[in-house]
Amino acid sequence: MFKKAVFSSLAIILTLTLLSGCGSSDSGNNGSSSSASPITVRIGLLKNVTHAPAFVAIKKGYLQERLGANAKIEVQGFNNGSDFSTAMATGQIDIGYVGPSPVINQYVRSKNIKILSGANNGGAVLVARKGSGVTSVKDLAGKLVAIPTKGSTNEISLRLLLQEQGLKATTDKSGAQLIAMAPADTLTAMKQGQIDAALLPEPWGTQIANEGIGDIAVDWDQIPPNKGNYPLTIIVSSDDFLKKHRDLAKSVLLTNEDAIKFIKDSPADTYSLVSDELKELTGKGLAPELVKAALAHLSLTTNIDQDALKTMAQVAVDAGYIKDVGAGGLDLTGLYDLSLLEEMQEGK
Amino acid sequence: MHWGWRFPSALQTMHTFYDGIADGQLLQATLSSLRRILVAFALSCLLGMTLGVLFARSRLLDETFGFAVVALQTVPSIAWLPFAIIWFGLNDFAVVFITTSGATWTMTIASRSGIKNIPPIYLKSAQMFGTGRGFRLFYQVMVPAAIPQLITGMRMAWAFAWRALVSGELIARGIGLGQMLEEGRSLGDTSLMLCIVLVIAILGTISDHLVFKRIEDRIWTQYGLNAAKS
């Protein structure tokens with residue numbers, strides 16, 4: 001009798017879970033067909049000042065305005081582009097701001113991501129810990145250098161820097177030894193003397209310098225490729241979202257343009273907005289001077305330099321991160337959908 | 001839901017495996033991981049057996065620190081990771097520490113019960129034959145009598161050590177199977193991830209079959225326990 005009761009209650013629970021599971025996925029899919037029902041737009045971004053246009057678009061309310069009252073915006077912050085790209089490829093976020101290299105790494109495997117627009121060029125610096133003996137790239141031999149994640153845009157820049165000096169990225173002391181860690185952890189690890197240098201997106205480099213932990217060894221406008229003028233933050237969308245909600249994707253691109261304009265026109269008002277959004281994402285805001293310094297280390301643009309991305313993709317191929325590249329080189333044509341950006345630029 | 005790239009094909013995985021061997025990275029990672037785990041395993045066997053014997057022989061220790069060992073065993077070794085980073089840095093030592101702490105407590109408990117479960121008649125008759133109560137009793141009677149349990153403890157410690165090793169390596173610098181697994185995740189390279197999982201599984205099976213199982217079988221036969229089992 002008791003056994004029977006347990007069994008049937010288990011069966012009921014199981015059925016209910018299955019049913020509720022189906023229910024929630026159904027509502028997600030049906031959202032697109034009828035415009036009256038609310039749509040959830042899941043936006044991903046990284047918790048760096050290099051993503052300032054996203055922060056401003058959210059905090060200024062541009063995003064809600066353009067997407068319409070029907071849209072429910074869910075913001076997810078990531079520590080690095082790898083996590084972001086995995087989340088996008090597996091359908092956990094729809095659209096968002098990220099660095100290009102992890103997207104390329106993910107794209108060659110899953111082929112379900114599209115680059116829609118640029119947001120920001122440059123904004124990463126090489127910082128060296130005080131007392132590490134590193135003052136230039138040459139000194140990185142035998143040192144431990146942190147990057148946000150394996151295959152990140154920052155790592156690609158670091159590899160290019162090392163290449164220029166004839167050094168190699170290694171897993172031992174013969175070259176620059178790389179280690180992947182979240183930028184916030186890098187700050188702590190550098191304070192404890194566990195790592196010697198780091199190539200990081202802003203505001204982390206400036207923050208490390210300001211706290212007296214380290215010095216900027218290579219400034220943002222000397223970071224390859226193109227001396228800082230390379231895409232570091234771009235807007236990407238999942239194929240699925242772009243197919244179903246092209247209009248919403250365009251709205252996101254428009255708010256990106258609005259936000260960039262706002263930052264350029266009234267930088268002083270930007271600092272608190274950026275700080276507030278960071279506080280929401282990480283629980284910790286940033287001092288206005290720090291945001292100001294970080295924003296001075298990057299150039300916001302919606303353009304996307306495909307040649308620079310090609311150079312960066314080649315570095316990933318050479319590093320063994322992208323394998324089985326055909327004779328014609330890496331084919332990234334399916335990675336871009338710049339039609340929305342072109343429409344916007346033509347004023348449609 | 002379509003799986004597509006999420007689950008790599010056998011061919012892709014083989015290809016990645018071949019590439020890894022060919023460029024030496026996979027081999028190097030495997031060797032580094034093996035080196036770490038062997039050091040940690042040796043350490044935890046040594047520590048575990050010493051502690052186990054102490055607990056089995058001294059009631060005072062057993063009732064005070066013995067309790068702490070049971071408590072420590074329930075703590076997943078990865079919980080020590082934040083401490084290990086702060087104490088030792090992001091190096092091999094931290095990984096060895098985590099791996100050792102993952103395996104030591106299992107070994108301690110196994111050797112403690114191994115010694116405790118020796119039938120008192122063995123000890124009494126040994127003493128009658130003049131081993132005394134000291135080192136000779138320990139070495140000539142207690143260790144051989146506890147060996148079946150010690151081997152079981154070592155097998156378990158080995159498995160626990162692997163778990164701790166891979167999770168510890170995920171964050172440490174250098175190269176190892178854990179690092180490569182994390183690299184595969186960062187790059188969205190599922191074939192690399194599966195490849196590493198398979199390598200770990202194969203290494204585990206090989207070491208269990210070729211080392212522990214053989215020793216165990218031999219000892220069971222030697223002690224005449226195989227007959228009792230069947």
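Some ground rules for the tour. This is a predicted model, in which local features need pLDDT of at least 70 and side-chain atom pairs count only at pLDDT 80 or more, while totals for chains, interfaces and linings use all residues. Residues are numbered from 1 along each chain as its sequence is written, chains are lettered from A and ligands numbered from 1 in the order in which they are written, and side-chain values use heavy atoms, with hydrogens and water left out.

**Stop 1: the second largest cavity**

Select A:Leu46, A:Gly99, A:Thr153, A:Asn154 and A:Pro201. Of the 18 lining residues, these lie nearest the centre of the second largest cavity. A cavity here is a set of points, on a 1 Å grid over the protein atoms alone, where a 1.4 Å probe fits but cannot get out; lining residues have an atom within 4 Å of a point. Now show helix H6 (153–164) and strand S11 (231–238) of chain A, the elements that give two or more residues to this lining. Helices (H or I, at least four residues) and strands (E, at least two) are DSSP runs, numbered from the N terminus. The volume is about 140 Å³. That is the space filled by probe spheres set on the points, with grid points joined across faces, edges and corners.

Colour the lining by type. It divides into six nonpolar, 12 polar and no charged residues. Ala, Val, Leu, Ile, Met, Phe, Trp, Tyr, Cys and Pro count as nonpolar, Asp, Glu, Lys and Arg as charged, and the others, Gly among them, as polar.

**Stop 2: the largest cavity**

The count is three cavities of 30 Å³ or more. Go to the largest, with about 190 Å³ of space. Select A:Lys150, A:Ala180, B:Ala172, B:Gly174 and B:Gln179, which lie nearest its centre among 18 lining residues. Strand S8 (176–180) of chain A and helix H8 (177–187) of chain B each supply at least two lining residues. H8(B) gives the most, with four. The lining holds eight nonpolar, five polar and five charged residues.

**Stop 3: a sheet in chain A**

Show the open sheet of six strands, in the order S2-S1-S3-S11-S4-S12, with mixed pairing. Strand S2 (71–78) and strand S12 (299–300) of chain A are at the edges with a single partner strand each, so one side of each has no neighbour in the sheet. Strands pair if DSSP finds at least two bridges between them. Strand S1 (residues 39–46) of chain A runs parallel to S2(A), joined by eight bridges. Pick A:Thr40, whose bridge partner in S2(A) is A:Lys72.

**Stop 4: backbone details**

Which residue has a positive phi near 50°? Select A:Lys111, in the loop between helix H5 (100–110) and S4 of chain A. Most residues other than glycine have a negative phi, and most peptide bonds are trans.

Next, the cis bonds. The one from A:Glu202 to A:Pro203 has omega near 15°. A:Pro203 sits in the loop between strand S9 (197–201) and helix H8 (204–210) of chain A. Another cis bond joins A:Pro224 and A:Pro225, with omega about -5°. Find A:Pro225 in the loop between strand S10 (214–218) and S11 of chain A.

**Stop 5: chain B**

Switch to chain B. Chain B has 10 helices and zero strands. Its C-alpha trace spans about 70 × 45 × 35 Å along the principal axes.

Conventions
On a 1 Å grid over the protein atoms alone, a cavity is a set of points where a 1.4 Å probe fits but cannot get out, and a pocket is an open set with protein on both sides within 12 Å along at least five of seven lines; lining residues have an atom within 4 Å of a point.
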